[in-house]
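The sequence and the model come first, and the text follows.

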Amino acid sequence: MKPIYRFCAIALLAMGLFAWWYYQTPRILARKVDGLITTLNFDPSTTRSSRLIKSSNIGKYFDEQVELTSPIEEANGNFSPSDFNSGYTFLTENAREIKIQRIGEIACEVDQKHATQQFDVNAKVEISRWLKSLDGRYAVTVHWRKTEQGWKIHSSDWKEIP
């Protein structure tokens, strides 16, 4: 076998193995949750227009109805993607900062149509005086459902880690 053919065969094998690894469901969902976290974050220097642009991208992550449980009482319940868009828009107007950082690896269990991720985050959400702010470490569980539009968040549970 000529060296060029051997090189091409090895390169094709390496690309195939990388594609197999990259497109496994746990890795797809990890990239999705990291993308959502990146979209949610902003600091005090972020302009109002940048914050509002981000709010239009939030709904694409969520299923038709999502059950949310969090330490902020006003944020608990069942919500639609448009509810998340408007809720995040409210936060962009009233929060000084949202800083969420995932810590460690994501544990993921997957079956055909459902997946569950568990991970920890450091979260700091500074909201105006009349709403409770978050500042601490939280254990997050995210339940995904596979839809015709791809994987969507079906429920999320945030519990404070003492």
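R96 is partly exposed in this predicted model, with a relative accessible area of 48%. Its side chain meets that of E126 in a salt bridge, with 3.6 Å from N to O. The pair links distant parts of the chain, 30 residues apart: R96 is in strand β3, and E126 is in strand β4 (residues 114–127). E126 counts as partly exposed too, at 25% relative accessibility. Salt bridges that share partners join R96, E97, K124 and E126 into one network.

**Salt bridges**

How many salt bridges does the count come to? The count comes to eight salt bridges. Three of them are listed here, including the pair already described.

| Salt bridge | N to O distance |
|---|---|
| D34 and R102 | 2.8 Å |
| R48 and E93 | 2.9 Å |
| R96 and E126 | 3.6 Å |

The side chains of D34 and R102 meet in a salt bridge. D34 lies in helix α2 (residues 25–40) and R102 in strand β3 (residues 95–110), so this pair ties together parts that are 68 residues apart in sequence. D34 is partly exposed, with a relative accessible area of 27%. R102 also counts as partly exposed, at 26% relative accessibility.

R48 and E93 form another such pair through their side chains. Because R48 lies in helix α3 and E93 in helix α4 (residues 81–94), the pair ties together parts that are 45 residues apart in sequence. R48 counts as exposed at 54% relative accessibility, whereas E93 is partly exposed, with a relative accessible area of 39%.

**R51, an arginine without a salt bridge**

R51 has its place in helix α3 (residues 48–55). Is R51 buried or exposed? R51 is buried, yet it has no salt bridge. The nearest side chain of opposite charge belongs to D43, 6.0 Å away.

Which backbone oxygens lie 3.1 Å and 2.9 Å from a polar atom of the R51 side chain? The backbone oxygen of T92 lies 3.1 Å from such an atom, and the backbone oxygen of A95 lies 2.9 Å from one.

Leaving out residues up to four places away in sequence, R51 touches F42, D43, P44, T46, Y88, T92, A95 and R96.

Key: Residues are numbered from 1 along each chain as its sequence is written. This is a predicted model: local features need pLDDT of at least 70, side-chain atom pairs count only at pLDDT 80 or more; totals for chains, interfaces and linings use all residues. Side-chain values use heavy atoms; hydrogens and water are left out. Helices (H or I, at least four residues) and strands (E, at least two) are DSSP runs, numbered from the N terminus. Buried means under 20% relative accessible area, exposed over 50%, partly exposed in between (1.4 Å probe, protein chains only). Lys and Arg count as positive and Asp and Glu as negative; His and the chain ends are not counted. A salt bridge is a side-chain nitrogen of Lys or Arg within 4 Å of a carboxyl oxygen of Asp or Glu. A polar contact is a pair of N or O atoms within 3.5 Å; within protein, one must be able to donate a hydrogen and the other to accept it, and residues adjacent in sequence count only if both atoms are side-chain atoms. Contact means heavy atoms within 4.5 Å.
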